[in-house]
Amino acid sequence: MPRLSIATITAALLCCCLGFTSAFVAPTSPFTAAIIKSAQTSSNHHATSTSLEATRRNFINQSIATITATSAIIFQAQPAAAKEAPIEITPQIVQEAFDAIRNELTSSSGVVATLSNLIDNGSFEEILQYTKESDAYFRRAKLGKARKMLTDKDLKGEAVLMSNAVTFDLIGINRASRPGKENREDQLRYLEELKKDIAKFLELEKTIVFE
């Protein structure tokens, strides 16, 4: 989420406060109408106006104080919310992260094997659902976690492209499984691309340098 400047938040809060203030002194309210009528017919017009202005001024002063305090709280909390905890990089942690990806490629219960079985069975509806789910738990979670462990900044950028390629492969399988567009040949073609892209991502493991 993009950070908001103090000026932006202050302006927004001030608009809210001024909205409440305008409603408080709206001429349609019975209290205000009585004040206006009294001011026109009595000799204590100055005292009434002074009292009303003092009330309005007190409200504005309290609003400004609230805005200042709220802005301070928001911007004190922002850095803590935006700052991510550093990822611990050890040989064991890295191996576990990449093994989780490797299992999706080689295990009988992994993404590749599951999609292959669904394609062989002609389970188009299940493929549509599974490709969406696997993009979240496999590409975003597992590939994303391993990508953050890379120590080469240039390779981190390439890893993003590799992760995106996995998404495109899953989208391709999904499209070839949609009603009226079922195409086994395209399904298998994108499945082979998925295997290659996962294998290519796994090669990044050996580039990680431990301090």
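Buried residues are those with under 20% relative accessible area, exposed residues those over 50%, and partly exposed residues those in between (1.4 Å probe, protein chains only). By this criterion E104 is buried, with a relative accessible area of 6%. The structure is a predicted model, in which local features need pLDDT of at least 70 and side-chain atom pairs count only at pLDDT 80 or more, whereas totals for chains, interfaces and linings use all residues. Residues are numbered from 1 along each chain as its sequence is written, and side-chain values use heavy atoms, with hydrogens and water left out.

Beyond its neighbours within four places in sequence, F98 is in contact (heavy atoms within 4.5 Å) with A146, L150, F201, L202, L204, E205 and I208.

Helix α6 has a kink of about 30 degrees centred on S134, the bend at a residue being the angle between axes fitted to the seven residues ending there and the seven starting there. Its buried residues include S134, D135 and F138, and their cover includes α4, α5, α7 and α8. T131, also in α6, is buried at 3% relative accessible area. The side chain of T131 reaches the backbone oxygen of L128 at 3.1 Å, and T131 touches L115, L170, I173 and N174, residues up to four places away in sequence not being counted. On helix α7, T167 is buried at 13% and is in contact with D135 and R139, leaving aside neighbours within four places in sequence.

Eight salt bridges (a side-chain nitrogen of Lys or Arg within 4 Å of a carboxyl oxygen of Asp or Glu) are found in the whole structure. One of these joins K142 and E104 at 2.6 Å, N to O. Because K142 lies in α6 and E104 in α4, the pair ties together parts that are 38 residues apart in sequence. K142 is partly exposed, at 25% relative accessibility. Another salt bridge, at 3.8 Å, N to O, pairs R140 with D135; R140 is exposed at 55%, whereas D135 is buried at 11%.

Terms used. Helices (H or I, at least four residues) and strands (E, at least two) are DSSP runs, numbered from the N terminus. A polar contact is a pair of N or O atoms within 3.5 Å; within protein, one must be able to donate a hydrogen and the other to accept it, and residues adjacent in sequence count only if both atoms are side-chain atoms.
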